[in-house]
Amino acid sequence: MHESAFSTALLRWFAQYGRELPWRGISDPYGIWVSEVILQQTRIEQGRDYWLRFMDRFPTVEALATATEDEVLRLWQGLGYYSRARNMHAAARQIVEQGGFPQTIEGLRALKGVGDYTAAAVGSMAFNLPAAAVDGNVYRVLARHFGIDVPINTAQGKHTFQALASELLPEGKASAFNQAMMDFGATWCTPKSPRCLDCPVADTCDALHTGRTGLLPVKEKKLTVKERHLTYIYVRHQGMTALRRRPAGDIWQGLWEPLLIENGDLPQWETPLKLVASNVKHVLTHRVLLADFFLAEPTRRPGLPPGYIWVKESQVGEYALPRLVEKLLSLL
Ligand code: SF4
């Protein structure tokens, strides 16, 4: 069985190479919790000093609960993400009100600012609850060793890796196993240069044997679809209309379009503009375009912004137009 061999090998590795940290070996849930909150967005070297100072000033959860928010934030200064400190302060008060630290995963999870990962980390290390703490390091180790290419930032990915990590938890050793996974990911199976040559689980590592250490874990790119508003004016004057060729460095480079107003005011001409269509939607890969389309029939030939030329209306069909513009012109 890969699983049990994997866990045994990691625990053996941890006994030899586990990091020495000031909060290691303690079973005080408060100290463990503080370390986990500090390390959420902070490098371990910097976090260590902050932890020592924090524990010195607020040695117990009661001490933290009775502090003012100002005091807590001052001690946190330089760590950033101040909501972490505020949540921790609020949670300390919750804990004191409840008469002590909750000793179940659900109880921990109910504290302000505590998510699945922190609940599992504190629960396993302080109370040896059988909960797998899955952070970025753990995703990487599991994805590589077991050759899993489900994207880690999807619901399916979270479920898959959480289930696998739980399955791998050796009975009664959740605390050591969670710490082993975190340390192994942070120091051995690192993002850029994993130490595969002296890796304790290299024999069974799927990524190593299929040459995919650089490809796993997989992260799904989240496309941010931006909206862009375009206002087109079809100018009609004595059988002529205005077009311009779209410039380089933007959508539809080199294609032609009628008078475009983007982020500006409509021109004030004697003859009012006639709205032909509004909010016509056109979807591109990374963008949603919303177009308003006006018809202008000025009595005098208006001046055009730079880049526009007058063309015969009967010849517009000879110019290469973006699909959206074709769609708009068909509405005339
Ligand atoms: S062999 Fe390399 S990629 Fe595989 S678990 Fe070990 S360090 Fe990570």
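Helices (H or I, at least four residues) and strands (E, at least two) are DSSP runs, numbered from the N terminus. Strand S6, for one, covers residues 287-296, and Ala 296 lies in it. The model is a predicted one, in which local features need pLDDT of at least 70 and side-chain atom pairs count only at pLDDT 80 or more, while totals for chains, interfaces and linings use all residues. Residues are numbered from 1 along each chain as its sequence is written, and side-chain values use heavy atoms, with hydrogens and water left out.

Back to Ala 296. With a relative accessible area of 0%, Ala 296 is buried; buried here means under 20% relative accessible area, with exposed being over 50% and partly exposed in between (1.4 Å probe, protein chains only). Leaving aside neighbours within four places in sequence, Ala 296 is in contact (heavy atoms within 4.5 Å) with Ile 233, Tyr 234, Val 235, Arg 236, Trp 269 and Leu 273. Pro 272 sits 24 residues away from Ala 296 in sequence, yet the C-alpha to C-alpha distance is 7.1 Å.

Next comes helix H2, residues 29-39, which is mostly covered, as 10 of its 11 residues are buried. Among the buried residues of H2 are Tyr 30, Trp 33 and Glu 36. The cover over them includes helices H3 (44-57), H4 (61-66), H5 (69-76), H6 (82-98) and H8 (116-127). At the start of H2, a side-chain oxygen of Asp 28 comes to within 3.1 Å of the backbone nitrogen of Tyr 30.

Helix H9 (residues 136-145) is largely enclosed by the rest of the structure, because nine of its 10 residues are buried. The buried set runs through Asn 137, Val 138, Tyr 139, Arg 140, Val 141, Leu 142, Ala 143, Arg 144 and His 145. At the start of H9, a side-chain oxygen of Asp 135 reaches to within 3.1 Å of the backbone nitrogen of Asn 137. Just after the helix, Gly 147 takes a positive phi of about 60 degrees.

The loop between H9 and H10 holds Phe 146. Setting aside neighbours within four places in sequence, Phe 146 is in contact with Phe 6, Leu 164, Leu 168 and Asp 206. Phe 146 and Cys 205 are 59 residues apart in sequence, but 6.5 Å apart in space, C-alpha to C-alpha. Thr 154 is also in the loop between H9 and helix H10 (155-168), and at 15% relative accessibility it counts as buried. The Thr 154 side chain reaches the backbone oxygen of Pro 151 at 2.8 Å, and a polar atom of that side chain lies 3.0 Å from the backbone nitrogen of Gly 157.

Ser 175 belongs to helix H11 (residues 174-187) and is buried, at a relative accessible area of 16%. The side chains of Ser 175 and Gln 179 are joined by a polar contact of 3.0 Å; the term covers a pair of N or O atoms within 3.5 Å, where within protein one must be able to donate a hydrogen and the other to accept it, and residues adjacent in sequence count only if both atoms are side-chain atoms. Not counting residues up to four places away in sequence, Ser 175 touches Ser 124, Met 125 and Asn 128.

Finally, the ligand. Around it are Arg 144, Cys 189, Pro 194, Cys 196, Cys 199, Val 201, Ala 202, Cys 205, Leu 208 and Thr 213, counted by a heavy atom within 4 Å.
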